[in-house]
Structure formats: C-alpha cells, structure tokens
Amino acid sequence: MVEEDIVLGYKISKNGIGVDKAKIEVISKLPPPTSVKGVRSFLGHAGFYRRFIKKFSKVVNPLCKLLKKDDKFNFNDDCMRAYEFLKFKLTTTPIITAPNWSVPFELMYNASDIAVGDVLGQRINKIFIRSTMIVRP
C-alpha cells in the first residue's frame, strides 16, 4: 500500500488528509485582493473549507461586506486581518485527520418529519472531530 500520495490536490498519509504543499505555497504567496472579483474568487476557494474553520462566517464577514453591489471597494484593516487569518488557516491546519482507532467513536443522530441525519466522530481532548455526516430525506 502507498504510505503517502497526492490525490485531487490533497496530501493523504497515515497522519490524515491535508493540503498539498504546492497549494500551500501558492496560497501563502497570494497578495490581498484588489477588486470585488478577487475577493469573490478567494472566498470561493476558502468557502470549500468552511466547515473546517471555526466561526467561518464571523471571520469572513468583513470580506463579504466588500461584495455589496453599490458600495465602494475599501479593503481596510478588518478585511486584511480576516484575509490573513484565512490564509493562515488554509496553509497550516490539517483539514481532515485520520481516525484514531484507539479512541471510541460517537454516533450522534437527529430526525424530523423531513429528514434523518447522523454524524460519526471521535472526542479527542474534549473536542469532537467529525468523521462523516449523512443526511437522508
């Protein structure tokens, strides 16, 4: 079996799944956006990882305000802090980790008249790490 490989831009190894180093280098060298189109592009990429970044919607709020239709583009200090924080999270945090087979799994579920959803994960250092989530109508 292969111990480490790059698949669809992700580095997969026994330690988990993370971002490819080539992508990390590109993201870390990105200059701040200078237009609405640049902000939209960056948020589109970052949005792919939104579920892995705690309080994502609060973090990106200053950048989202730049997307208002008739407002003047003003990339201020709040926008720069949000941009740098997202770059940091996208280049340093492992996006997905492999399950720790020595720790028990937890199954959480919820049901309504419309759908049934469940989450399988593990609690490591009092933090719940989600392995998978399924919602069925």
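The model is predicted, so local features need pLDDT of at least 70 and side-chain atom pairs count only at pLDDT 80 or more, while totals for chains, interfaces and linings use all residues. Residues are numbered from 1 along each chain as its sequence is written, and side-chain values use heavy atoms, with hydrogens and water left out.

**Helix packing**

Helices (H or I, at least four residues) are DSSP runs numbered from the N terminus. Axes are lines fitted to C-alpha atoms over the stretch in contact, and angles run from 0 to 180 degrees between N-to-C directions.

| Helix pair | Angle | Axis separation |
|---|---|---|
| α3 (residues 56–65) and α4 (residues 77–92) | about 135° | 7 Å |
| α2 (residues 36–47) and α3 | about 170° | 11 Å |
| α1 (residues 21–28) and α4 | roughly 165° | within 9 Å |

Angles under 35 degrees count as roughly parallel, over 145 as roughly antiparallel, 65 to 115 as roughly perpendicular and the rest as oblique. Helices α3 and α4 are therefore oblique to each other, and their crossing is left-handed (the near helix is turned anticlockwise from the far one by less than a right angle). Contact, meaning heavy atoms within 4.5 Å, involves Phe56, Val59, Val60, Pro62 and Leu63 on α3, and Asp78, Cys79, Ala82, Tyr83, Phe85 and Leu86 on α4. These residues comprise 10 nonpolar, no polar and 1 charged; Ala, Val, Leu, Ile, Met, Phe, Trp, Tyr, Cys and Pro count as nonpolar, Asp, Glu, Lys and Arg as charged, and the others, Gly among them, as polar.

The pair α2 and α3 is roughly antiparallel. Here Val39, Phe42, Leu43, Ala46 and Gly47 of α2 meet Phe56, Val60, Leu63 and Cys64 of α3, a set of 8 nonpolar, 1 polar and no charged residues.

Helices α1 and α4 are likewise roughly antiparallel, with a left-handed crossing. Ile24, Ile27 and Ser28 from α1 meet Lys87, Leu90 and Thr91 from α4; this contact divides into 3 nonpolar, 2 polar and 1 charged.

**Cysteines**

The whole structure contains 0 disulfides, a disulfide being a pair of cysteine sulfur atoms within 2.5 Å. For Cys64, the closest cysteine sulfur is that of Cys79, at 9.8 Å, which is too far for a bond. Cys64 is partly exposed, with 35% relative accessibility, whereas Cys79 is buried, at 2% relative accessible area. Buried means under 20% relative accessible area, exposed over 50% and partly exposed in between, for a 1.4 Å probe and protein chains only.

Notes:
Helix = DSSP H or I, 4+ residues; strand = E, 2+ residues; numbered from the N terminus.
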